[in-house]
Amino acid sequence: MFRTFIIPLAAIAGVIFAVVTVVKGSRPPPATPPVIEPPTSPYENFIAGAGLVEASTQNIAIGTPVPGIAAKVEVTVGQTVKAGDVLFRLDAREMEAELAVRTAAVHSAESELARLRSFPRPETIPPAEAKVAEARASLEDAKAALETITSVNDPRAVIVDEVNRRKFAVQSAEARLAQAQADLSLLKAGSWSSEIAVSEAKLLQARSQADQTRTELERRIVRAPVDGQVLQVNLRAGEYAQAGSLATPLMLMGRVDPLHIRVDIDEHEAWRVKSGAKAVAFVRGNKAIQVELRYVRTEPYIIPKRSLTGESTERVDTRVLQLIYAFDRAEKPIFVGQQMDVYIQSDVELPTSAREATPVARN
């Protein structure tokens, strides 16, 4: 009985279960409603693109002209700065010490030049004149002594060495008188041009070295290039700041009033773009937050798409035309680096078949 009835009934039940399972599995699953309702374009004919919010000055990656240890970071994230405000300082104790030495050299050269330019001083003339008078009197005495010894009629009464000594005394007195007169003439004429020129050259060199040191010291103080807001701070006191282009900038800043949005338009729809076209942008995740955009410019060079989403419709060979629009953020929760859905008004209607075949450029 078991083989006659039970086994066939079990086989029939298994077949029925399999058929029911296959039928249920072949039914298409019901469409899942989107978690977030996507925005809709306010224009009848439009071009859709993905926009990336950036500063109106573009995002400025702050660097340093010379490497060094950060001594102090003067700003914080979100702080508003003016052009010329200090962002951070590098350790510059060695340059400060060198500047002190250079400044002292400048003061010394200035003092020496002032001393030379002050000649002749009134108090230096009388001593020079006294030296001339003394040398003249000494010459007259030497001549009188020589005349006395040479006036003796009897040669035997005069020693030849004594005559020669007195002749040499006269010559020495004449030389001292000439030197004293030359010094007096130099003081009275003030002929210090050569010494002053040398001193001026030394002063110029000292000032040039001091200015060079000040410049090197100033290069270790990094300042804001424009008015704007500090968007990122990736440097802290005590860290080593490298010079040159970095993958992660030391700081990121830019002007956020107004903001710009860089819109990527697929190259297949670039021919539909018209300069000055109206546009509107929606915040992703909340279509109720939207902003009207003002046309700024079109960057005429079509570039490869820089970032991919990993979606199945993504193409690695996609190239995009970039349009720049501006908008006022006001109190809306829109931030630099945020992606937005952008719709641009177009005068050219795209056929339905082409619209379905052309993917929307999306970062």
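User: Over how many bridges do strand 11 and strand 12 pair?

Analyst: Happy to look at that; this is a predicted model, where local features need pLDDT of at least 70, side-chain atom pairs count only at pLDDT 80 or more, and totals for chains, interfaces and linings use all residues. Residues are numbered from 1 along each chain as its sequence is written, and side-chain values use heavy atoms, with hydrogens and water left out. Strands are DSSP runs of E with at least two residues, helices are runs of H or I with at least four, both numbered from the N terminus, and two strands pair if DSSP finds at least two bridges between them. Strand 11 (residues 279-283) and strand 12 (residues 286-304) are antiparallel, and the number of bridges is five.

User: Which residue of strand 12 is the bridge partner of Ala279?

Analyst: Strands 11 and 12 form a hairpin with two residues between them, where Gly285 has a positive phi near 100 degrees. The bridge partner of Ala279 in strand 12 is Leu293.

User: Which residue in strand 13 stands opposite Glu299?

Analyst: Strand 12 also pairs with strand 13 (residues 319-327), in the antiparallel sense over seven bridges. Opposite Glu299 stands Gln322.

User: Is Ser346 buried or exposed?

Analyst: Ser346 lies in the loop between strand 14 (339-345) and helix 6 (352-357). Its side chain reaches the backbone oxygen of Arg272 at 3.4 Å. Buried means under 20% relative accessible area, exposed over 50%, and partly exposed in between, with a 1.4 Å probe and protein chains only. Because its relative accessible area is 6%, Ser346 is buried.

Notes. A polar contact is a pair of N or O atoms within 3.5 Å; within protein, one must be able to donate a hydrogen and the other to accept it, and residues adjacent in sequence count only if both atoms are side-chain atoms.
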